[in-house]
Amino acid sequence: MTTIKKFLQLEAAAGLILLFATLLALLVANSALSVYYEMLIQIPAGIHIGGLAINKPILLWVNDGLMAAFFFLVGLELKRELLEGHLSEPKNTLLPIFGAIGGMVIPALIYLALNYHDEVNRIGWAIPAATDIAFALGILMLLGKQVPAALKIFLVTLAIIDDIGAIVIIAVFYTQQIETVPLFISAICLVILTLLNKKGVSDIPAYILIGGILWVAVLKSGVHATLAGVLLAFFIPMRDSKNPDHSPVKQLESSLHSSVAFVILPLFAFANAGIDFRELTSEAITHPITLGIALGLVIGKPLGIMSMCFVAIKLGIARLPTGIGWYHIFGVSVLCGIGFTMSLFIGSLAFETTGSNIIVDERLGILLASFISAILGFMILKNASATQTLSDDGNDSRQKESGLSGDNTNHSDDQSHFAANSRKTNTSSEA
């Protein structure tokens, strides 16, 4: 439980740092410093080793290089959760799985409904399908102990499954023309990583060395380089063969959390969120891309998550976690409309790296939707917490009047009363 609390606290802090970096980028981009901002993110930088050359502007070094570390951390978290964490028990994952699927499909359909007529616009269909765990959890943590612990776990699990979907989308739909030789080198790296894992090698530097070669090969192959981070993570041993109490996955995860949360993601936000609003027009706000992204995140996310959770529960496949009602699920579903990091990332793949020329900045819809979802989600969950507190106070006073909560109350009476309250909660939740 201590580990979960530390993780949640870290993610909450990361959300606040992300917010600061975003506001700083917007402030700079809308001031006299905007020229220098653009110059900074477009500074060319390169690595040359013999015939091998990697030349990119700073912006793409952040998006392709530093974000590979972010996806590496995501991969480590996925492996830990699947093998030893919350996702290792299927009964705990069914409701978030259904919710995550609905939260990806419905927003994408809303976007396509508004942009299907335009071949270029259609490329961005996956932008509103993403959820930013750091921002969403940061908002949730602002409510403190008012929010049930089970709701935080539900959000984390749903976001992790959402990340899996985003990884698959990037690999399948946003891969450029494939180069055979680098892809072959990537395959060799994966074979070596497999052998290291099978031999029980727990020396982390060995994996990182091969992982670096894998990143370069994947980058040159046409597949997006950040996927190398996910692939590498799956080969890191969960347990040290010589010392079963030691987990290389957990060690790396713990070491990377601070760097990713407080350095890499804020740098990504600062480099990608700098939109110049000084020449913003009504046409940009009402553009099908802007509306598709905004409506997909603000309306599509909660609609998709709520509807699929409802279907799963009505079919008897899953049930609401203890202490959580539909109002809580609704609040979290709205918070999932904060796409930000992953939406910005997919947006950069959809429109920038494909060379598409669009007359509107897709980041506008992402920022508007994320802001609206954050405010609405916070208000809904705060109201849900207040309602629950009033309900609990009412129950307590009724208990005192009926003599059920005194010093003479025995243990069996407490259990009976708890069971009765549980049945009431479940009944009201299913209504």
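Two rings of Phe, Tyr or Trp are taken as an aromatic pair if their centres lie within 6.5 Å, and a search of the whole structure, which is a predicted model, finds eight such pairs. One of them joins Tyr37 and Phe270 in an edge-to-face arrangement, with 5.3 Å from centre to centre and 85 degrees between the planes. This pair links distant parts of the chain, since Tyr37 belongs to helix α2 (residues 34–41) and Phe270 to helix α10, 233 residues apart. Tyr37 has a relative accessible area of 2% and is therefore buried, the limit for that class being under 20%.

A further pair is formed by Phe268 and Phe345, whose ring centres are 6.2 Å apart and whose planes meet at 50 degrees, so that the pair is classed as tilted. Because Phe268 is part of helix α10 whereas Phe345 is part of helix α14 (residues 340–352), the pair ties together parts that are 77 residues apart in sequence.

In general, most residues other than glycine have a negative phi. With a relative accessibility of 1%, Phe340 counts as buried.

A positive phi, near 105 degrees, is likewise found at Gly222, which follows helix α8. The 18 residues of helix α8 (residues 204–221) should span 26 Å at 1.5 Å a residue, and the distance of 25 Å between the C-alpha atoms at its ends agrees with this expectation. The buried residues of α8 are Ile204, Tyr207, Ile210, Gly211, Leu214, Trp215, Ala217, Val218, Leu219 and Ser221. An α-helix has 3.6 residues a turn, so residues three or four places apart point the same way. The cover over the buried residues of α8 includes the strand β2 (52–57) together with the helices α3 (58–83), α7 (180–198), α9 (227–235) and α10 (248–272).

Ser333, placed in helix α13 (residues 326–335), is buried with a relative accessible area of 0%. Apart from neighbours within four places in sequence, the contacts of Ser333 are with Lys301, Pro302, Ile305 and Met306. Between Ser333 and Leu155, which are 178 residues apart in sequence, the C-alpha to C-alpha distance is 8.6 Å.

On the surface, a nonpolar patch is formed by Phe277, Leu280, Ile285, Leu368, Phe371, Ile372, Ile375, Leu376 and Met379, which together have about 780 Å² of accessible area. Helix α15 (residues 362–401) contributes the largest share of this patch, namely six residues.

Methods
Residues are numbered from 1 along each chain as its sequence is written. This is a predicted model: local features need pLDDT of at least 70, side-chain atom pairs count only at pLDDT 80 or more; totals for chains, interfaces and linings use all residues. Side-chain values use heavy atoms; hydrogens and water are left out. Helices (H or I, at least four residues) and strands (E, at least two) are DSSP runs, numbered from the N terminus. The expected span of a helix is 1.5 Å times one less than its number of residues. Buried means under 20% relative accessible area, exposed over 50%, partly exposed in between (1.4 Å probe, protein chains only). Contact means heavy atoms within 4.5 Å. Patches are made of residues with over 30% relative accessible area and no salt bridge: like charges are joined within 9 Å, nonpolar side chains (Val, Leu, Ile, Met, Phe, Trp, Tyr) within 5 Å. Accessible areas come from the Shrake-Rupley method with a 1.4 Å probe; for residues, only the protein chains shown count as cover. A salt bridge is a side-chain nitrogen of Lys or Arg within 4 Å of a carboxyl oxygen of Asp or Glu. Rings of Phe, Tyr and Trp (its six-membered ring) pair if their centres lie within 6.5 Å; planes under 30 degrees apart count as stacked, over 60 as edge-to-face and the rest as tilted.
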